[in-house]
Amino acid sequence: MCDKSHAPEVSQTPKFVSVHSTPPILMRAFRFSTLLTAMIIGLASTPTPTVAAKQPMPTATTDPRPFSSPEPLAQVLRFKMQSPQVRELQIRLRHAKFLATYDANERFGAQTRAAVEKFQRAIGLRATGVVDQTTWNALRARSHQPTEAELNNTDVGPWFTGPQQPGYVMELQHRLRQAGSYRGPIDGNLNDATQAAVAAYRLKVGLPASPVMDERTWARLISVTRNPRYAQLFDAPPASSMTQRLDARCVTGRVVCVSKAQKKISYVVAGQVKFTREARFSRPGYDSPEGEFRIWYMNSDTVSTIFGERTPMPYAIFYDGNVAIHFSDDFAQKGYEGGSHGCSQLRDYQAAKWLYEQVKVGDRVVVYQ
């Protein structure tokens, strides 16, 4: 969503765009008995010992599964055809971040064709929209073997962050507690009790039981719960020991100061730095605009589909068209290997939530070298 050329899309109120009616879901992967359902719900409601949120969380990667090797394509896949392999194609395009959808089907429609064309252009092939052996091999090399749950749409992939972000897990636990599916501590630990609560909530809203808080389930959950305030989850602001050389425009009023050269963001009030964090900016071919701006819109659950994939932008603070400051799970996992389409990104969910609650529409943002 961080592309000024698409400002009209955001100007019509950016929001969490994944709250749609749920398509028919195949149930083959998860046939839970009434007894097992009761066990899941019982586990979800059983308090567990408190574990400090500051304990190290397991290291996560974007997807630990290996990429696929070349394999003969049974048939060329093209527009308007219907085949089980189209379902696999859509899932692989989603893995490679070229398809902005999360429920797969067997119909090769216009959206799938556009995703294939974009993928072909990105890897230097002629954009025909037809999946031949060359295109298929290239896509397999950038995607994973779909699981049965993915093929059946019972698992459309985890939401935007993993257990390495305790701030997100605490928010998840709080929302699950509001929904009546969790009674354990709000400790940021994605343990068995929390995952059982996710499965119980999915059953409660008519989705197949699974411990995965995928985008579809998250959309259901946030629609019936309130976003907990920072103070409800944490007893102090995020620790901040970094320093940043401030631009002269940052010493008066309330301002978010963004330094591209220093790769840092600071929140400053009347010349006093309240908070400094690492930041990431645009990838090659895009630009993070510099200058003095005003925050014009804020949304805690924005999802961008401008660039083909579904790109979550939690705690987005928009200051120049579609350009925003927001949490980035990609930044959290990959560091400076990647980049945005112009946005200023944070990789600490707790810090992004805190900053979001400090600023308001009309506050200044200064972006400089």
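Biologist: What order do the strands of the open sheet have?

Modeller: The order is β3-β2-β1-β9-β4: 5 strands, with mixed pairing. Strands are DSSP runs (E, at least two residues) and helices are H or I runs of at least four, numbered from the N terminus. Two strands pair if DSSP finds at least two bridges between them. This is a predicted model: local features need pLDDT of at least 70, side-chain atom pairs 80 or more, while totals for chains, interfaces and linings use all residues. Residues count from 1 along each chain as its sequence is written, and side-chain values use heavy atoms, without hydrogens and water.

Biologist: Which strands are at the edges?

Modeller: β3 (272-278) and β4 (291-294), each pairing on one side only.

Biologist: How do β4 and β9 pair?

Modeller: Antiparallel, over 4 bridges, with β9 spanning residues 364-368. Arg 294 sits opposite Arg 364 of β9.

Biologist: Which helix packs on the sheet?

Modeller: α12 (residues 349-358), touching β1 (254-259), β2 (264-269) and β3. Contact means heavy atoms within 4.5 Å.

Biologist: Switching to α4. Which residues are buried there?

Modeller: Thr 112, Ala 115, Val 116, Phe 119 and Gln 120. Buried is under 20% relative accessible area, exposed over 50%, partly exposed in between (1.4 Å probe, protein chains only).

Biologist: Why are they on the same side of α4?

Modeller: Because they cover an arc of only 135° around the axis. The arc is taken from the directions from the helix axis to the C-beta atoms.

Biologist: What covers them?

Modeller: The cover includes α3 (84-95) and α5 (133-140).

Biologist: And which exposed residues are on the face turned away?

Modeller: Arg 121 and Ala 122.

How values were computed: Axes are lines fitted to C-alpha atoms, for helices over the stretch in contact, and angles run from 0 to 180 degrees between N-to-C directions.
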